[in-house]
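Please report on the fold of this chain, its strand pairing, its charge contacts and its surface patches. Keep it brief.

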Amino acid sequence: RGYADQLATMTAGMEDSEIFQNVHKMAESITESAGVEFVYTITSDGSKAYFQMAVAGEDVMPIGSDFDYQPAMATALQGKTCVGEEYTDDYGNHITAFSPFYSSGGKMAGIACVDISTNEVKTELSNVRNPIILTCVIVVAVGMAVVLVILNNLKRQFKKLNEKIVELGNGSGDLTKTLDIESGDEMEVIAGNVNVFTGFIR
């Protein structure tokens, strides 16, 4: 809560103070380690919101500058962490997470905000999604090819069996010939029974 106490004491014009610089370094560290766009803090008087600590590169937002109100802030002001709706500005698409923080005395000292680029998130999702889709397409294609091979094989075997049965039914079949079907399934069993039958009547 040390940083919270320091932020609670900051007022307009303290952007060059040691307190501000300490908090700024902490925010920069979080930004780099977490891979987010921007970490800053705001405060509110209930009707409007203001920047406490906001630094982007060399740009320092003056303490007390107006912050564009977002509906999710109302939830944060009630002491709950929340995430706002996606929005678009000159730099792309973003979402902001809001989390209240408290001073050592237990009083809300402000709201910590983290901006995340949804463009980057969507790019990462696309990078993961595309290989998955490609893998699924390949699996489906291979599966269909295997099914077609099996169906064609069954079709050939069924044709042989049907022709033999038709010959026997017409009385024109060559009883010395046997069906050569080695499929390892019911079709082979039926062919074997037909061979036994033709051998019996031969």
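## Salt bridge

K48 forms a salt bridge with D66, and the closest N and O atoms are 3.4 Å apart. K48 sits in the loop between β1 and β2 (49–53), while D66 is in strand β5 (residues 66–67), so the pair ties together parts that are 18 residues apart in sequence. The structure holds one salt bridge. The model is a predicted one.

How exposed are the two partners? K48 has a relative accessible area of 39%, so K48 is partly exposed. D66 is at 48% relative accessibility and therefore also counts as partly exposed.

## Overall layout

The chain has five helices and nine strands. Along the sequence, the pattern is α-α-β-β-β-β-β-α-β-β-β-β-α-α. The chain has 202 residues, and buried residues make up 28% of them.

## Strand pairing

| Strand pair | Bridges | A facing pair |
|---|---|---|
| β1 and β2 | four | T41 and M53 |
| β2 and β5 | two | A49 and F67 |
| β1 and β9 | five | F38 and D115 |
| β8 and β9 | nine | Y102 and M108 |

Start with β1. Strand β1 covers residues 38–44 and pairs with strand β9 (residues 108–117) in the antiparallel sense. Strand β1 also runs antiparallel to β2. I42 stands opposite I111 in β9. I42 also stands opposite F51 in β2.

How much of β1 is buried? Five of its seven residues are buried, so β1 is largely enclosed by the rest of the structure.

Strand β2 comes next. β2 is mostly covered, with four of its five residues buried. Its bridge partners include M53, which pairs with T41. β2 also pairs with β5 in the antiparallel sense, through two bridges. There, F67 in β5 is the bridge partner of A49.

Strand β8 (residues 92–102) is joined to β9 by nine bridges, and the two run antiparallel. Y102 stands opposite M108 in this pairing.

## Hairpins

β1 and β2 form one of them, with four residues between the strands. In that hairpin, G46 takes a positive phi near 105 degrees. β8 and β9 form another, with five residues between them. In its turn, G106 has a positive phi of about 90 degrees.

A54 lies in the loop between β2 and β3 (55–56). Is A54 buried or exposed? A54 has a relative accessible area of 1%, so A54 is buried. The C-alpha atoms of A54 and V23 are separated by 9.7 Å, with the two residues 31 apart along the chain.

V60 is found in strand β4 (residues 59–60). At 41% relative accessibility, V60 counts as partly exposed.

## Surface patches

Which residues form the negative surface patch? They are E37, D89, D90, E120 and E124. D89 belongs to strand β7 (residues 87–89). D89 has 34% relative accessibility and so counts as partly exposed. Patch residues need over 30% relative accessible area, and D89 at 34% therefore passes that cut-off.

A nonpolar patch covers about 790 Å² of the surface. L134, I138, V142, V146, V147, L148, I150, L151 and L154 make up this patch. One of them, V147, is found in helix α4 (residues 118–170). V147 is at 44% relative accessibility, so V147 counts as partly exposed.

Terms used
Residues are numbered from 1 along each chain as its sequence is written. This is a predicted model: local features need pLDDT of at least 70, side-chain atom pairs count only at pLDDT 80 or more; totals for chains, interfaces and linings use all residues. Side-chain values use heavy atoms; hydrogens and water are left out. Patches are made of residues with over 30% relative accessible area and no salt bridge: like charges are joined within 9 Å, nonpolar side chains (Val, Leu, Ile, Met, Phe, Trp, Tyr) within 5 Å. Accessible areas come from the Shrake-Rupley method with a 1.4 Å probe; for residues, only the protein chains shown count as cover. A salt bridge is a side-chain nitrogen of Lys or Arg within 4 Å of a carboxyl oxygen of Asp or Glu. Lys and Arg count as positive and Asp and Glu as negative; His and the chain ends are not counted. The place of a charge is taken as NZ of Lys, CZ of Arg, CG of Asp or CD of Glu. Buried means under 20% relative accessible area, exposed over 50%, partly exposed in between (1.4 Å probe, protein chains only). Two strands pair if DSSP finds at least two bridges between them.
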